[in-house]
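Student: Hi, I've just opened a new structure. Can you walk me through it?

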Amino acid sequence: MSALLQVQGVSRTFGPTRAVDNVSFAVQPGELLGLIGPNGAGKSTLFNLIAGVMPPSGGKIAVDGTDVTGWKSYDMARAGVARTFQIPKPYRQLSVIENVMISAFLRERSMGRARELADLTLSDLGLASYRDRPASELTVGLLKRLEVARALAMRPKLVLFDEIMAGLTPTEVGAMTEIVARLPARGITVIWVEHVLYAIMKTATRMVVINRGCVIAEGAPATVARDPAVVKAYLGEEMQLA
Amino acid sequence: MTATPAKTSRLWRISGMPRRGQISWFEVILLAGCIVWVAFNFAPALQDVVVLSFLFAGLALAWNIAGGCAGLISFGHAAFFGIGAYTSTILFQSYNVTPWLGVFVGAAAAAIAGAVLSLICARLKGPFFILSSLAFAEVVRIIALNWPSVTGGAEGLSIPPVPDLANMVLGSKTAYEVLTLVYLLLAYMITRWLEASRFGFYLFAIRDNDDAAAAAGINPLMVRSSAMALSAALTGVGGTLFAQYFLYLDPTYVISPELSFQFALLPAVGGLGTAVGPILGSFLITPLSELLRTNLGNAAAGLHLVIYSAGLIVVMLYFPSGIAGALEKLKLRRRRP
């Protein structure tokens, strides 16, 4: 079985800081991988490296066996890797359906087909009633859902979720968890970066925990939660907070 | 909970955007009115103003493709205008190429210049892009001024006023009205096509959010330079028409910052990013500025500019989304129960 995503010894430095330090892991097709870590662990940087926002300082990233190290974000999108933004980045002057259509164009080049795909995606995510509303009028919860809709309308092989639960009400978290949990069955592999742990612990098939730019634990959610290194990393954070 | 849908739909109706790609009756009447006006030759005394209004409406639509649709606010479009005008005129005078062909060469030259500008300024956004576009046009103007062997320098170039359809020197002002109206309609149709096409959606995407567009598989640099090239090409066509109408060109007017500002102003007054806005802007501002200049230009030098600017400030303050936006709001308010 070949990995869908292979991250091999990837590092990223900002000046003297090593935000991501020699990280390696692989994601198999159909997995729902949770990527967690305390604040400042390097989650976002790792996420941005995989999404092509910036090139790694060292190491290799491969999608489906193809070396994609240093590819730009639009190249990654075309290679089948979709992403969401932690702080939603809607096209404010466009309507909800138009927002999703722009993503749908990646696979459906005609207006009509793109609109159909966008409509389908909107009803999947329960956004159909907001179809013709300007994106600038949506609440944070709906904007997060729009982020997910845009990513899914790209018909990706792999989707990267960046804290899609942050700022949601408990009801919204429940609805979103349901949406995410359905994806592997539809042939979409998921890497999910999250700070709200209880949702991800319940849904992920496997977890990767990073701290100070390094992988400190990897495995089933239940195992990882008991891992002393993980407990220490999170406890350490809490003690700093106190 | 049951009251929510009605409430949101009213909210949507007040703040709603014009349905993209939908052509309103107002637009149809406006454009048909232009055709009728030219066909029946109303107000022969105003033909100069009509030609200029049509020409500047086309130019405003051209600017709007970059500035309104793609968010590339440029204060350097006079450079493309000048490149189009000079290319066709030089080709005609030195190589005897008819401007009917020269207009396409001029458009291509302007398109290349537009693409080069956006590639150079790839990383610049907002005010930084505006300033570099302004500087770009100044560079083009200074080159034109200091290259007399090709451009005639400050003395400019004249086209012999011998009416000849083959050389795009037309015998009557009505013929120029037809020519500039065709230009306006061409620019209008291109804008309408953009609103209903994938490429047009890509322009809106990079205007509203670059990062999101890139994450959706769009190469922002490619889209940006294509938009600029299209806008510049259409502006270049306008430059050739201008040269063929006035039969005289000099860098001080044709590549002036004032002209660049004018291109940006008309769509801003009429309504940015819409197809009808730039036309309305030109139909309002072009006659107004001509009127003020001819009536006040001699009596009190510069007074027409003061009145003109005061009018613009009022428009910007009270109609920030332009005339098209104000009309849309008026329509929605009337429809509201």
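Predicted model: local features only at pLDDT ≥ 70, side-chain atom pairs only at ≥ 80, totals over all residues.

Student: OK, the inside now. How many residues are in the largest nonpolar core?

Tutor: It has 176 residues. Those with the most contacts inside this core are A:Val159, A:Val190, A:Trp192, B:Ala205, B:Ala216 and B:Ala227. In soluble globular proteins, nonpolar side chains tend to be buried together.

Student: Which helix gives the largest share of the core?

Tutor: Helix H3 of chain B, residues 47-69, with 14 residues.

Student: You listed B:Ala216. What does B:Ala216 touch?

Tutor: Leaving out residues up to four places away in sequence, B:Ala216 touches A:Ala77, A:Ile102, A:Ser103, A:Leu106, A:Arg150, A:Met154 and B:Ala205.

Student: Back to H3 of chain B. Is B:Leu55, in that helix, buried or exposed?

Tutor: B:Leu55 is buried, because 24 C-beta neighbours lie inside 10 Å. The cut-off for buried is 20 or more.

Student: What's it touching?

Tutor: B:Leu55 touches B:Thr180, B:Tyr183, B:Gly238, B:Leu241 and B:Phe242, again not counting residues up to four places away in sequence.

Student: How far is B:Leu55 from B:Cys34?

Tutor: They are 13 Å apart, C-alpha to C-alpha. In sequence, B:Leu55 and B:Cys34 are 21 residues apart.

Student: Let's follow B:Thr180. Where is that?

Tutor: B:Thr180 is in helix H8 of chain B, residues 173-195. B:Thr180 counts as buried, because there are 25 C-beta neighbours inside 10 Å.

Student: And the contacts of B:Thr180?

Tutor: Setting aside neighbours within four places in sequence, B:Thr180 is in contact with B:Val51, B:Phe54, B:Leu55, B:Gly58 and B:Leu241.

Student: What about B:Ser309, how far away is it from B:Thr180?

Tutor: Their C-alpha atoms are separated by 27 Å. Along the chain, B:Thr180 and B:Ser309 are 129 residues apart.

Student: How does H9(B) sit against H11(B)?

Tutor: Helix H9 (residues 198-208) and helix H11 (residues 220-246) of chain B pack at about 115 degrees, with their axes 10 Å apart. H9(B) and H11(B) are therefore roughly perpendicular. Their crossing is left-handed.

Student: Who meets whom there?

Tutor: B:Tyr202, B:Leu203 and B:Ile206 in H9(B) meet B:Pro220, B:Val223, B:Arg224 and B:Ala227 in H11(B). The residues of this contact divide into 6 nonpolar, no polar and 1 charged.

Student: One more pair. At what angle do H13(B) and H14(B) cross?

Tutor: Roughly 110 degrees, and the axes of H13 (residues 257-270) and H14 (residues 277-296) of chain B come within 7 Å. That angle makes H13(B) roughly perpendicular to H14(B). The contact has 9 nonpolar, 4 polar and no charged residues.

Student: What is phi for A:Arg212?

Tutor: Positive, about 45 degrees, although A:Arg212 is not a glycine. A:Arg212 is in the loop between strand E9 (206-211) and strand E10 (214-219) of chain A. A:Arg212 is partly exposed, because 15 other C-beta atoms lie within 10 Å.

Student: And B:Met168?

Tutor: Phi of B:Met168 is near 60 degrees, also a positive value in a residue other than glycine. B:Met168 is in the loop between strand E1 (157-158) and H8 of chain B. B:Met168 counts as buried, because there are 23 C-beta neighbours inside 10 Å.

How values were computed. Residues numbered from 1 in each chain as written. Chains lettered and ligands numbered in written order. Axes fitted to C-alpha atoms, helices over the stretch in contact; angles between N-to-C directions. Helix = DSSP H or I, 4+ residues; strand = E, 2+ residues; numbered from the N terminus. Parallel < 35°, antiparallel > 145°, perpendicular 65-115°, else oblique. Left-handed = near helix turned anticlockwise from the far one by under 90°. Contact = placed C-beta atoms within 7 Å. Nonpolar A, V, L, I, M, F, W, Y, C, P; charged D, E, K, R; others polar. Core = buried A, V, L, I, M, F, W, Y, C linked by C-beta atoms within 7 Å. Buried ≥ 20, exposed ≤ 12 C-beta atoms within 10 Å, placed from the backbone.
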